[in-house]
Amino acid sequence: MNLFPVSDGTSDHQVLRETLDEIQLADELGFDSIWLAEHHFSKYGILGSPVNFGMAVAERTRRITIGTAVLVLPLHHPLRLAEDIAALDVLSGGRVRIGVGRGYQPAEFAGFGIPLEESKQRYQETLEILRLALSQENFSYHGQIFHYDNVTTYPRPHTPGGPPILQGTVSPDSFRERGAVGESIITSPNFTPLGIMQKNFSLYRQSMRENGFDIADYELPFMQQVWCGEGEAGLREAALAAMNYYKSVGKVIPGSEEAIEQERSYYAAVAKNIELLTLEQTLTHGGNFGSAQRVIETIEMLREQLGINHYIGWLRIPSLDRRAALRSMEEFAEKVIPHFRAQEKADAAPVAPPVTEAVVG
């Protein structure tokens with residue numbers, strides 16, 4: 001996962017170039033996917049166009065999948081976005097996964113002159129148009145905001161029907177609704193108690209089952225901040241960086257006057273929890289921090305309890321020393337990835353027929 005924050009002592013140019021180098025290293029180390037965040041108008045995250053940055057990634061890497069986590073759909077023109085996604089899919093040879101979301105930062109909507117109260121409708125219409133544009137060579141669409149007749153976007157995507165689209169999902173209702181129609185999801189529930197996550201994923205699986213979808217056919221991506229290494233000093237340094245990041249989130253989420261009325265209580269609770277956050281809470285609930293064995297055990301627990309089969313490690317934690325983050329990344333690649341690769345290989349091995357003995361009487 002890559003947020004592209006700019007902290008004191010770094011420049012925009014440095015962040016972009018170093019992140020590209022880190023992604024190339026991830027490809028060489030054997031990571032399966034990288035994920036690029038979209039943000040605007042603040043140093044919280046300076047990448048406004050993950051799809052365009054993905055073009056550079058496609059040319060610098062050989063096998064790694066290029067994901068967005070997430071594109072803020074209400075801020076995009078749907079046809080131009082479809083063109084850019086298809087071009088990235090072509091240049092990467094089909095190595096694209098598109099995570100999408102509705103967005104939540106008032107300053108981003110204000111900067112583009114888009115009313116925050118329109119976000120739900122714009123999100124839904126843009127998502128519907130994206131799916132049509134990437135899967136059909138000619139389509140028409142008439143919504144409340146967008147209207148098109150007999151449109152075809154070019155280039156056509158490399159992947160038949162277009163790259164997979166995953167929707168950022170948080171609330172129980174969203175898990176249930178997306179499971180009911182077989183829609184793929186992506187989530188990052190830091191500080192959400194395991195019991196609540198179990199209920200949400202259970203709702204998703206149950207809705208899929210009731211509506212004839214087989215969850216075995218789906219990836220279930222789950223993102224956490226990760227530090228993998230030895231030593232108490234490094235562990236606490238990583239947790240402190242994670243805590244500082246969460247504190248920064250409190251500065252960009254909607255205030256009571258800015259949030260959509262139905263969501264004001266949710267954001268108020270989030271802001272209060274962030275304000276009261278301690279280092280010890282971050283260590284235990286803010287991510288996956290510790291030795292390679294501890295990181296493995298956490299991932300195995302998430303797989304067992306939630307069914308997670310695509311783990312996204314946010315190893316480049318904002319404000320964490322870059323050298324410490326790279327060491328953690330290499331430790332993860334050296335010890336964690338091989339553990340799960342070996343399990344995959346064992347699971348895929350053919351089962352030998354039972355041995356029978358002939359009894360001579």
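## Helix H12 across the sheet

Helix H12 (residues 322–348) lies across strands S8 and S10 of this predicted model, where contact means heavy atoms within 4.5 Å. Helix H12 runs at about 115° to S8; axes are lines fitted to C-alpha atoms, for helices over the stretch in contact, and angles run from 0 to 180 degrees between N-to-C directions. Helices (H or I, at least four residues) and strands (E, at least two) are DSSP runs, numbered from the N terminus.

## The three-stranded sheet

S8 and S10 belong to an open sheet of three strands with parallel pairing, in the order S9-S8-S10. Its edge strands, each pairing on one side only, are S9 (288–290) and S10 (310–314). On average, neighbouring strands of this sheet are turned by 30° against each other, direction ignored.

Two strands pair if DSSP finds at least two bridges between them. Strand S8 (residues 221–228) is joined to S10 by five bridges in the parallel sense. Opposite Trp314 in S10 stands Gln225.

## The protein as a whole

The protein has twelve helices and ten strands. Of its 361 residues, 48% are buried (under 20% relative accessible area, 1.4 Å probe, protein chains only). Among contacts with a separation of 6 or more, 74% come from residues 24 or more positions apart.

## Basis of the values

Residues are numbered from 1 along each chain as its sequence is written. In this predicted model local features need pLDDT of at least 70 and side-chain atom pairs count only at pLDDT 80 or more, while totals for chains, interfaces and linings use all residues, and side-chain values use heavy atoms, with hydrogens and water left out.

Conventions. Buried < 20%, exposed > 50% of the residue type's maximum accessible area, 1.4 Å probe, protein only.
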